[in-house]
Amino acid sequence: IKPTAMFVREMTENYPELWRVAQEIEGLVCGVGIHAGGIIFVDEPFTNSTALMRAPDNTLITQFDLHDDEDVSLIKIDLLSVEALDKIHTCLDLLVEHGEIMAEPTLKETYEKVVGIYNLERNAPDMWKLVWEHKIQALFQMEKQSGIQGIALTHPTSVDELAVLNSVIRLMAQEKGGETPLENYARFRKNPKAWDEEMLKYGLTAEERKFMHEQLDSSNGLCITQEQFMKLVQLPEVGGFDLQFADALRKAIAKKNPKAYDELTVQFFENAKEKNLSPKLCDYIWNRQIALSRGYGFNASHTLAYSLVGLQEMNLAYRFPIIYWNCACLITDSGGAEYDEEDTKTTNYGKIATAIGKMRSAGINITLPNINDSAYTFYPDAKNNRILYGLRGMTNVGDDLVNTIIQNRPYVSIKDFYNRVKPNKQAMVSLIRAGVFDDFMDRNIAMGWYIWETCDKKKKLTLQNIPTFIKYNMLPEDTEERIMARRVYEFNRYLKACCLAKKTDSYYTLDERAINFLTEIECDYLINEYMIDIKSWKKIYDSWMDILRSWLSVVHDEILENLNFTIFKEDWEKYAEGNYSSWEMSALGFYYHEHELQHVNTSRYGISDFASLPEEPVIEKYFDKGGKRINMYKLNKICGTCISKDKAKGTVTLLTTTGVVNVKFRKEYFTMYDKQISRVEPDGTKKVVEKSFFNKGNMIVVMGIRSGDDFIVKKYASSSGEQLYHIDKVNKDGTITLRHERASGDEEDE
């Protein structure tokens, strides 16, 4: 690392004593960690060769790091968790469940029978064609752009060729902007004479070119593995070095130790000169072939093993309907493989949305859950070539309900389901929103049926319904007599609530308000020493209520219909607000129909597509401060729907119209907008007036910069607008209603 001028100045001129201390402690061990999957096997006591200790969690580990362990003859083996194995395991389970294969007594036997190394199809042209056309999802080690590009350029047709490609895609160009090893490999593969032309330019003789063909024909003229360059330097024609030198070269490359590599370079050419070896051959091998691996040296055992795992995946995708392999990938990528009937972990909607987006972009049909066909997690429907969303992934649908749903299948209608399963209201609304009953009826009609079935509608109206009439403003005020009857009704409630000391009393104790009202309706003659007899008052009260009874008998059917419709409408607004897209987001965390923000006028609001932004932010201007350059970046806006949030990291997973984005906030800013706002009501109860801006389903606009796969929220003092807006409403004309300020009230953690 090059010295930083400002740091050098600070340490030498302003803090020389601190610098002396820093130089003394630099290089000392400041912490101890445990390797994620590093395992050492021995056939004798560990303490014959290394020292042991206990980690804080009581795990037994060596006191040495892996390099020191290697120096005392131990070998570390990495046993890491590989998602590819989860996908293979899940696919085998699906194939067994659907009768595509027969389960053997053990998983190992099933595995060996179906995808054991000696039972694999290796050469079928149609299988390799699937690879070339990128139709095999999550092909091991070929998922990233380098692998996709490598397959497109080279069209491998065997495990050996795939293994070579696995090595080549990891190598880097030796010069900035120069030909990459992958491009070089593709060129030599397409035109074998090109390699000979290159060797001729280096001045190699016919015999030397023949020698190189013998060594590197298997990899089309490129030295791409550790074993290849270790073998080359041990050959007499190249120097005849011993295994110790070859292994030192491997370590210098694998551990990226340029100093050691430079020392070995000097030793290599001095040896060649002493032995009078061909300068041109040695130069070509060291500076052209071995130099390919200088940034990274891959070993053949890795590359072949990786390719065999890829071949297993290819077999599962080729020999069986590919929907099973696609579904296994979707289950694993979305976290579904982590769930079973007893699991209670929270569904990760961010992973689900990302996995679904990846599949749908590849043209794979992911459909809404189905009440008769869906399973806990994603489920393959080979007959219709689709993958069904899982029941366990829905909001408010727990494991017990999923068990009950599956145990009571099949259902012939939504009414049949409701009567037999009897889910609670939140779960039933979520099921309808998710579209599980779409095979039975239109979703809007299903929601309407359910709300009408369960809302608090009335069959017959009496004066006991007067509170409801008052609530919905249905009591008549067309005559003074009816207006007074309503006032008498409300006064009667006041008497019972405020003027009756004990339920056993036969009188009401009157206050000034009561006396004034009784006087107004000319019943003051009933007052006796600030009291009124309950029975006497009831006669007066009933006479006034007869007025309302008479009114109700005339308009009963009309009022009943209006009241029930009003009650239904109130429940509809509570449970069914929005459209199919918003319902799906609420229940499933992804959009089966179009994104709610699909038709927003982005140009009007200066909103960009995240995928179209440069991966690294564009420097708009900069200035110097204290000898340090401060960059100011061009800021952009993106919008999307919140899928999930991480309070600890201050991040939000945002589903935009083109994909999933991880949005990072300053911790204090995130906390400010993540808190819910409540308000104390006059009766002392607490009412939530606004929840977090980042709850699932909320739509937001954020301003900041793209950095790789993340969006960093920020603004400058000179920036117009705010870092964050909540989208309150999306209008049909493409405009949106935005809000930055939080509601007033008390903040509290959700």
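Colleague: Which residues in α24 meet α25?

Modeller: Bear in mind that this is a predicted model. On the α24 side they are Met484, Arg487, Val488, Phe491, Tyr494 and Leu495. They meet Arg513, Ala514, Phe517, Leu518 and Glu520 in α25.

Colleague: How do the axes of α24 and α25 cross?

Modeller: Helix α24 covers residues 480-498 and helix α25 covers residues 512-520. Their axes come within 11 Å and cross at roughly 150°. Angles over 145 degrees count as roughly antiparallel, so α24 and α25 are roughly antiparallel to each other.

Colleague: Is that crossing left-handed or right-handed?

Modeller: The crossing of α24 and α25 is left-handed.

Colleague: Which other glutamate is found in the loop between α25 and β9?

Modeller: Glutamate 529 is found there. Glutamate 529 also has a positive phi, of about 55°.

Colleague: Is glutamate 522 buried or exposed? And what about glutamate 529?

Modeller: Glutamate 522 is exposed, with a relative accessible area of 62%. Glutamate 529 is exposed as well, at 65%.

Colleague: Another helix pair, then. At what angle do α10 and α11 pack?

Modeller: Helix α10, residues 193-201, packs with α11 at an angle of about 135°, and their axes are 11 Å apart. That makes α10 oblique to α11.

Colleague: Which residues make that contact?

Modeller: From α10 they are Trp195, Asp196, Met199 and Leu200. They meet Arg209, Met212, His213 and Leu216 in α11. The contact divides into five nonpolar, one polar and two charged residues.

Colleague: And the hand of that crossing, left or right?

Modeller: α10 passes α11 in a right-handed crossing.

Colleague: What about the loop between α11 and α12, where is serine 219 placed?

Modeller: Serine 219 is in that loop. Serine 219 is buried, with a relative accessible area of 2%. A polar contact of 3.1 Å joins its side chain to that of glutamine 228.

Colleague: What else does serine 219 touch?

Modeller: Leaving out residues up to four places away in sequence, serine 219 touches Val164, Tyr185, Ile224 and Gln228.

Colleague: Is threonine 225 buried or exposed?

Modeller: Threonine 225 is buried, at 7% relative accessible area. Threonine 225 is in the loop between α11 and α12 too. Not counting residues up to four places away in sequence, threonine 225 touches Ser167, Phe298 and Ala300.

Colleague: Which residues of α12 are buried?

Modeller: In α12, which runs 226-234, Gln226, Gln228, Phe229, Met230, Leu232 and Val233 are buried. The buried residues of α12 pack against α11 (206-216), α13 (243-254), α14 (258-274) and α15 (279-289).

Colleague: Last topic. Where is histidine 740?

Modeller: Histidine 740 lies in the loop between β20 (736-739) and β21 (746-748). Histidine 740 is buried, with a relative accessible area of 13%.

Colleague: What does the side chain of histidine 740 make a polar contact with?

Modeller: Its side chain makes a polar contact of 2.9 Å with the side chain of tyrosine 673. The side chain of histidine 740 also reaches the backbone oxygen of leucine 724, at 2.8 Å.

Colleague: Which residues does histidine 740 touch overall?

Modeller: Not counting residues up to four places away in sequence, histidine 740 touches Tyr669, Tyr673, Phe693, Glu722, Leu724 and Tyr725.

Terms used:
Residues numbered from 1 in each chain as written. Predicted model: local features only at pLDDT ≥ 70, side-chain atom pairs only at ≥ 80, totals over all residues. Heavy atoms only, no water. Axes fitted to C-alpha atoms, helices over the stretch in contact; angles between N-to-C directions. Helix = DSSP H or I, 4+ residues; strand = E, 2+ residues; numbered from the N terminus. Parallel < 35°, antiparallel > 145°, perpendicular 65-115°, else oblique. Left-handed = near helix turned anticlockwise from the far one by under 90°. Contact = heavy atoms within 4.5 Å. Buried < 20%, exposed > 50% of the residue type's maximum accessible area, 1.4 Å probe, protein only. Polar contact = N/O pair within 3.5 Å; in protein donor to acceptor, adjacent residues only side chain to side chain. Nonpolar A, V, L, I, M, F, W, Y, C, P; charged D, E, K, R; others polar.
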